[in-house]
Amino acid sequence: MARIFVTGSADGLGLGAARALLDDGHDVVLHARNAQRAADLRAAEPRGRQIVVGDLSSIAGTREVAARADDTGRFDAVIHNAGIGYTSARRQETADGLERHFAVNVLAPYLLTALITRPDRLIYLSSGMHEGGATDLDDPQWTRRRWSGPGAYSDTKLLDVVLALAVARRWPDVRSNAVDPGWVATRMGGRGAPESLASGVRTQVWLATSDEPAATVTGRYFYHQRAREPIAATKRADLQDRLLDYCAGLTGVPLP
Ligand SMILES: NC(=O)c1ccc[n+]([C@@H]2O[C@H](COP(=O)([O-])OP(=O)(O)OC[C@H]3O[C@@H](n4cnc5c(N)ncnc54)[C@H](OP(=O)(O)O)[C@@H]3O)[C@@H](O)[C@H]2O)c1
């Protein structure tokens, strides 16, 4: 039995992954953004014994999530699943003055990674849309470019791959990988999405728990339990180091 923390597990792929892990007998620590969502989650999935509560859109909120998660004990795996989608018609700033997609989808997983006691395995939810993301980290806050919701989302999903690969390089003793779950009918994916929740969570669950050789690699990008090539820029050490430095500068917390 493994101990696994799944962020954003009140809905969608996070809830689906948590349920699949619970079905397999693992000890799953759930996460919801606030007390109301925690109550919703408790009603939806009573088997989750522990729910960490906290909003990942602010640095302070993410610090609290990290501390509360760590208080439950060391994890074998963390699935960085929480995320927001690509339909915002305008740029929105968080309490820290950061573009919202960047704050939730990139800075929060960075900070949780840096603050939570190092687990054996880390899984970061990316997307096929990472292929359309900017590869230069020149305007991660969208202050200079004309706003595009899909563009901002794609940037963050590219940076999630960069983060997974950067952590894999810095921490060779940890298996750190990124996952494209496919296009799945969740609140984010929309009703018309072609893939099932079961297929959308399988790879994260497998990477978090399986001892198969194919699941115990690091620094890879997966789609449906197969390693796939992410766009080449994600493998650049200079881009990986710039992202880690940028996130460390914003949060004041370097990756240990
Ligand atoms: N669905 C797809 O087709 C698809 C495709 C590629 C990649 N992905 C990735 O898969 C992950 C999960 O997506 P999904 O489709 O399951 O989306 P979803 O149904 O919208 O669920 C997102 C989860 O993240 C939580 N969350 C969002 N903002 C948060 C915040 N500020 N603080 C705490 N929790 C927050 C949500 O909480 P609330 O419910 O309280 O809002 C929810 O539990 C994302 O990283 C996404 O980019 C999804």
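Gly 12, Leu 13, Gly 16, Ala 17, Ala 20 and Leu 21 of helix α1 meet Leu 197, Gly 200, Val 201, Val 205 and Thr 209 of helix α6, where contact means heavy atoms within 4.5 Å. Helices (H or I, at least four residues) and strands (E, at least two) are DSSP runs numbered from the N terminus. The axes of α1 (residues 12-23) and α6 (residues 197-209) come within 9 Å and cross at roughly 60 degrees, the axes being lines fitted to C-alpha atoms, for helices over the stretch in contact, with angles running from 0 to 180 degrees between N-to-C directions. That angle makes α1 oblique to α6, since angles under 35 degrees count as roughly parallel, over 145 as roughly antiparallel, 65 to 115 as roughly perpendicular and the rest as oblique. The crossing of α1 and α6 is right-handed, a term used if the near helix is turned clockwise from the far one by less than a right angle, and left-handed if anticlockwise.

This is a predicted model, in which local features need pLDDT of at least 70 and side-chain atom pairs count only at pLDDT 80 or more, while totals for chains, interfaces and linings use all residues. Residues are numbered from 1 along each chain as its sequence is written, and side-chain values use heavy atoms, with hydrogens and water left out.

Two further helix pairs involve α7. Helices α4 and α7 pack at an angle of about 90 degrees with their axes 10 Å apart, and they are therefore roughly perpendicular to each other. On the α4 side the contact is made by Phe 102, Val 106, Leu 107, Tyr 110 and Leu 111, and on the α7 side the residues include Leu 243, Leu 244, Tyr 246 and Cys 247. Helices α5 and α7 pack at about 95 degrees, with axes 9 Å apart, which makes α5 roughly perpendicular to α7. Here the residues of α5 include Leu 159, Val 162, Leu 163 and Ala 166, and those of α7 include Ala 237, Leu 239, Leu 243 and Leu 244.

A nonpolar core is a set of buried Ala, Val, Leu, Ile, Met, Phe, Trp, Tyr and Cys residues joined through side-chain atoms within 4.5 Å, and buried means under 20% relative accessible area, exposed over 50% and partly exposed in between (1.4 Å probe, protein chains only). In the largest core, which has 46 residues, Phe 5, Tyr 110, Leu 159 and Leu 243 touch the most other members. The elements that give two or more residues to this core are α3 (59-71), α4 (100-115), β5 (121-125), α5 (149-170) and α7 (237-251). A second, separate core of 29 residues includes Val 6, Leu 22, Ala 38 and Val 201.

Leaving aside neighbours within four places in sequence, Leu 243 is in contact with Val 106, Leu 137, Leu 159, Val 162 and Leu 163. Of these, Leu 137 lies in the loop between β5 and α5 and counts as buried at 12% relative accessibility. Phi of Leu 137 is near 55 degrees, a positive value in a residue other than glycine. His 224, in the loop between β7 (221-223) and β8 (226-228), likewise has a positive phi, near 50 degrees, but His 224 is partly exposed, with a relative accessible area of 30%.

Asn 105 lies in helix α4 and is buried, with a relative accessible area of 1%. A polar atom of the Asn 105 side chain lies 2.9 Å from the backbone nitrogen of Ile 84.

Arg 3, found in strand β1 (residues 3-6), counts as buried at 14% relative accessibility. The side chain of Arg 3 makes a polar contact of 3.3 Å with the side chain of Asp 27; such a contact is a pair of N or O atoms within 3.5 Å, where within protein one must be able to donate a hydrogen and the other to accept it, and residues adjacent in sequence count only if both atoms are side-chain atoms. Beyond four places in sequence, the contacts of Arg 3 also include Arg 74, a residue in the loop between α3 and β4 (77-80). Arg 74 counts as partly exposed at 40% relative accessibility, and a polar contact of 2.7 Å joins the side chains of Arg 74 and Asp 120.
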